[in-house]
Amino acid sequence: MTAYVYNTASSLDGFLADEADSLHWLLSQPIDEDGPGSIGAFMPSVGVLVLGSTTYEWVLDAEGGAWPYDVPTFVFTHRDLRAAGDDVRIVSGDPADHRAAIERAAGAKDVWLMGGGDLVGQFARAGMLDRVTVAFAPVTLGAGRPFLGAALDLDLVSLERNHGFVMATYDVVGPLAPPAAGA
Ligand SMILES: NC(=O)c1ccc[n+]([C@@H]2O[C@H](COP(=O)([O-])OP(=O)(O)OC[C@H]3O[C@@H](n4cnc5c(N)ncnc54)[C@H](OP(=O)(O)O)[C@@H]3O)[C@@H](O)[C@H]2O)c1
């Protein structure tokens, strides 16, 4: 069965990018590309990519305008963006409205939710988030693009180290319960 996996890197204080959408603090960190928690080890399980327009445009800019992934990709935007690859689909609205198409495209593989945090929060609220894998970089940013826009209860299932990164994987238990009365 297809799992929805949010796999990303974060500052220790929960930001995906700084306020200027820069990842300089992340890309400057030493990491073993074949080591624990690497994207290379994760990629064979991925049948579909899902991302918001800011992340899409960031990747395109970094790759000189060419889309670097060969799996079907769903880009969420309200704008009329250019599809930069053969199977890049420009979509908008509630994730649930795209569930059938996403899972059809993923086949027996999983969905990589690349971010950002608000879009992944929408997926979580639609019941379309099963696992969170995060590489915590050894920095704090103080401000920036938030990690995840939903309050969730998580179950830690693995924890590894890759140079300065803490690689953690969590199963999503469900929405975080509200506080008990008087708590
Ligand atoms: N640390 C990491 O490993 C990592 C991973 C991923 C991303 N990043 C970075 O983190 C930052 C994330 O930025 P972000 O949180 O602003 O964004 P994002 O999710 O990449 O993009 C936000 C945009 O997605 C569109 N969108 C979101 N939900 C939508 C919906 N339901 N329907 C239609 N469009 C929808 C809107 O675009 P429109 O304005 O076009 O309508 C919205 O402005 C970026 O700088 C990215 O490069 C870092």
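This is a predicted model: local features need pLDDT of at least 70, side-chain atom pairs count only at pLDDT 80 or more; totals for chains, interfaces and linings use all residues.
Residues count from 1 along each chain as its sequence is written. Local features need pLDDT of at least 70.

Start with the sheet: it is open, has 8 strands in the order 5-4-3-6-1-7-10-9, and its pairing is mixed. (Strands are DSSP runs of E, at least two residues, and helices are runs of H or I, at least four, numbered from the N terminus; two strands pair if DSSP finds at least two bridges between them.) Strand 5 (88-91) and strand 9 (152-162) sit at the edges with a single partner strand each, so one side of each has no neighbour in the sheet. Strand 3 (residues 46-52) and strand 4 (residues 73-76) run parallel over 4 bridges, and Leu49 has Thr73 as its bridge partner in strand 4.

Now for the pockets. On a 1 Å grid over the protein atoms alone, a pocket is an open set of points where a 1.4 Å probe fits, with protein on both sides within 12 Å along at least five of seven lines; lining residues have an atom within 4 Å of a point. A volume is the space filled by probe spheres set on the points, which are joined across faces, edges and corners.

| Pocket | Volume | Lining |
|---|---|---|
| Largest | about 1,400 Å³ | 47 residues |

Thr8, Leu23, Thr55, Val59 and Met114 lie nearest the centre of the largest pocket, and helix 3 gives the most to its lining, with 6 residues.

Technical notes. Side-chain values use heavy atoms; hydrogens and water are left out.
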